[in-house]
Protein chains: 2
Amino acid sequence: MQVGRFGEFRLIDQLARSLSRAGQPRSGASLTSPAPGAENDLIIGIGDDTAVWRGSPLLTIATTDAMVENVHYRPETATWYELGWKAMASNLSDVASMGGTPRYALVALALRPEVEVAQVTEMYAGMEEIAGRFGTQVVGGDIVSSPTACMVSVTVLGQSVSFDDSILLRRSGARVGDQIAVTGTLGGSGAGLAMLLEGKQFDAATTEALRRAHAQPVPRVPEGRALVERGVRAAMDVSDGLVGDLAKVCVASGVGARLHLVAVPVDPMVRSAFPDRWLDMALYGGEDYELLFTAPPEIMGRALQALEVAGLTPATVIGEIVEEPVGKVLLVDEQGRAGVAEKGGWDHFAG
Amino acid sequence: MQVGRFGEFRLIDQLARSLSRAGQPRSGASLTSPAPGAENDLIIGIGDDTAVWRGSPLLTIATTDAMVENVHYRPETATWYELGWKAMASNLSDVASMGGTPRYALVALALRPEVEVAQVTEMYAGMEEIAGRFGTQVVGGDIVSSPTACMVSVTVLGQSVSFDDSILLRRSGARVGDQIAVTGTLGGSGAGLAMLLEGKQFDAATTEALRRAHAQPVPRVPEGRALVERGVRAAMDVSDGLVGDLAKVCVASGVGARLHLVAVPVDPMVRSAFPDRWLDMALYGGEDYELLFTAPPEIMGRALQALEVAGLTPATVIGEIVEEPVGKVLLVDEQGRAGVAEKGGWDHFAG
């Protein structure tokens with residue numbers, strides 16, 4: 001049945017019932033150990049005027065991200081499950097990039113009346129799957145009608161690891177002499193998007209891996225926490241593209257960056273699928289949701305080791321923070337030649 | 001300049017600068033006394049991956065509401081300032097209807113590329129004006145492009161007055177024998193909307209008052225707090241219409257309600273402007289953002305007196321909670337004849 005016929009209030013009732021079931025702690029379903037008392041903190045979920053939970057005197061971390069149909073995703077290339085997953089994952093990633101633990105999510109949904117109720121249920125399943133892996137519950141939201149394009153706006157609330165407000169991963173925390181590193185590999189999301197938009201065919205494993213890299217990114221929540229606990233103080237997540245996002249760290253910190261192209265970690269699958277474009281995808285593609293962070297060499301060494309020992313996503317050193325040019329990224333090639341990066345990241349309006 | 005040419009990142013920068021100025025505590029600008037330490041709790045506002053503030057061990061109250069162009073507002077009848085005001089006010093009202101204190105807001109904004117930067121600035125001014133009156137700060141958000149229709153999604157976080165989770169205004173808190181009351185007057189918003197849509201002309205004072213009732217509702221934040229502090233435990237805000245919203249309280253509480261039509265408070269201006277429709281506007285119009293609450297007679301007496309003594313918006317008793325029919329509202333006329341209300345409130349899809 002279409003949501004326009006089903007009605008807003010019935011749809012909210014149905015989702016509330018399925019979410020309150022899903023909100024039960026599932027043993028073993030969480031990749032991270034929940035904060036003490038996490039299971040018992042929710043007082044009111046969906047169904048009243050607001051959600052209510054027991055507060056924490058730790059720092060509250062709050063973020064919101066919106067995705068619009070045919071701007072941030074296309075119905076032809078993304079399933080509803082993938083849409084829900086990604087809308088949630090991008091917010092979880094923001095909390096991860098501060099070194100925090102996500103806890104609660106609110107979802108505002110604008111739906112075309114002809115959307116099927118089953119599609120909305122699928123979307124929530126995608127949201128819950130990735131949220132649940134990190135101990136995060138959908139506790140409230142709003143569903144409204146939108147005549148021409150759907151929109152999903154997710155807000156995630158989390159908490160810090162410490163009461164101390166210096167123990168955060170800030171964009172402004174990069175210092176001259178820091179090494180720059182990134183978790184995982186880059187370019188997979190851009191490659192997946194290109195594959196989908198251009199209708200490219202690869203072997204089944206590559207097709208599946210590239211699609212997942214684009215549509216179901218896994219936010220680096222335990223990695224962010226491990227980094228902040230080991231003394232790292234500067235990070236952001238790679239959402240708009242490595243070069244553009246690194247430039248934002250430089251602007252916020254009043255420093256420059258040298259990025260060694262040969263060091264940028266790119267999945268071999270992306271290189272072989274797009275032999276002419278893999279570097280552009282890694283530098284400018286965006287939406288990889290890896291953590292980009294900086295730290296003095298000694299702390300960096302400990303942090304990289306901590307990721308490895310804990311069996312988390314490993315990270316690679318890709319450059320260093322320098323005094324100049326302030327707010328800019330120098331791309332350094334294998335011969336040591338450096339040039340200022342020209343292309344920016346993805347701008348939602350200019351793009 | 002249009003936002004499509006100006007660019008997303010420049011727009012966020014500009015708003016961040018104007019909001020960080022506006023975020024300074026303005027003496028006398030707040031209608032409510034801020035919570036202890038309110039001015040110093042914000043650690044990171046707009047400009048990093050997330051907002052960060054010092055947590056509170058009180059209960060956290062969280063709500064999100066979305067407004068879509070040509071569904072919830074029309075560019076012909078609402079200024080950008082009014083749109084911002086109302087999008088923020090509806091969320092503040094949800095926090096008020098739990099008896100909480102709003103503190104922080106996040107704003108997700110989807111804009112058509114041809115929207116003017118000055119219009120966005122106006123919208124934020126409207127948001128800040130009403131948020132600032134209640135000590136609430138806009139601390140983060142997201143701005144994205146939307147090709148066909150604008151959308152504003154606001155999330156507001158607040159806190160309870162007590163650590164005790166029984167000291168809240170819940171929809172499920174109504175008990176048989178409770179009196180039912182509502183703050184202020186009803187129908188003003190519906191009358192304002194009818195005036196705007198039908199191009200009706202009244203004297204300047206009426207026109208202005210009806211427009212404000214529709215476009216710039218004032219959420220009952222100090223009233224909600226006064227009620228919960230005086231022992232009231234059941235409330236919601238009138239957003240979809242008195243009868244429909246009262247029915248939701250009845251469903252959540254497993255009770256019925258008798259509503260005395262003659263007691264429903266309606267502004268005389270609404271009666272004289274719409275002599276044939278004022279009662280429908282008061283019963284079904286919605287968006288008045290008054291507080292609808294129930295309490296045993298003794299507590300109700302104290303609560304009404306407390307509102308009066310504090311110089312807050314007064315409230316009127318309009319009915320009582322009964323055993324049957326469960327989940328339904330009986331409308332009682334002057335002769336004591338009762339009928340089950342037939343029309344529901346506003347459903348965003350069905351409407």
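At what angle do the axes of helix H5 and helix H6 of chain A cross, and within what distance do they come? The axes of H5 (residues 188-198) and H6 (residues 204-215) of chain A come within 7 Å and cross at roughly 110°. This is a predicted model, in which local features need pLDDT of at least 70, side-chain atom pairs count only at pLDDT 80 or more, and totals for chains, interfaces and linings use all residues. Residues are numbered from 1 along each chain as its sequence is written, while chains are lettered from A and ligands numbered from 1 in the order in which they are written.

**The helix pair in chain A**

Helices (H or I, at least four residues) and strands (E, at least two) are DSSP runs, numbered from the N terminus. Axes are lines fitted to C-alpha atoms, for helices over the stretch in contact, and angles run from 0 to 180 degrees between N-to-C directions. H5(A) and H6(A) are therefore roughly perpendicular to each other (65 to 115 degrees; under 35 is roughly parallel, over 145 roughly antiparallel, and the rest oblique).

Residues are in contact if their C-beta atoms, placed from the backbone, lie within 7 Å. On the H5(A) side the contact includes A:Leu193 and A:Leu196, and on the H6(A) side it includes A:Leu210 and A:Arg211. The contact residues divide into seven nonpolar, four polar and one charged (Ala, Val, Leu, Ile, Met, Phe, Trp, Tyr, Cys and Pro are nonpolar, Asp, Glu, Lys and Arg charged, and the others, Gly among them, polar).

**The sheets**

Two strands pair if DSSP finds at least two bridges between them. Chain A has an open sheet of seven strands in the order E8-E10-E7-E11-E9-E12-E13, with mixed pairing. Its edge strands, E8 (234-237) and E13 (338-340), each pair on one side only. Neighbouring strands of this sheet are turned by 25° against each other on average, direction ignored.

An open sheet of seven strands in chain B has the order E8-E10-E7-E11-E9-E12-E13, also with mixed pairing. There the edge strands are E8 (234-237) and E13 (338-340).

**A helix across each sheet**

Helix H11 (residues 297-309) of chain A lies across E7, E10 and E11 of chain A, running at about 15° to E7(A). In chain B, helix H11 (residues 297-309) lies across E7, E10 and E11 of that chain, at about 15° to E7(B).

Notes:
Two residues are in contact if their C-beta atoms, placed from the backbone, lie within 7 Å.
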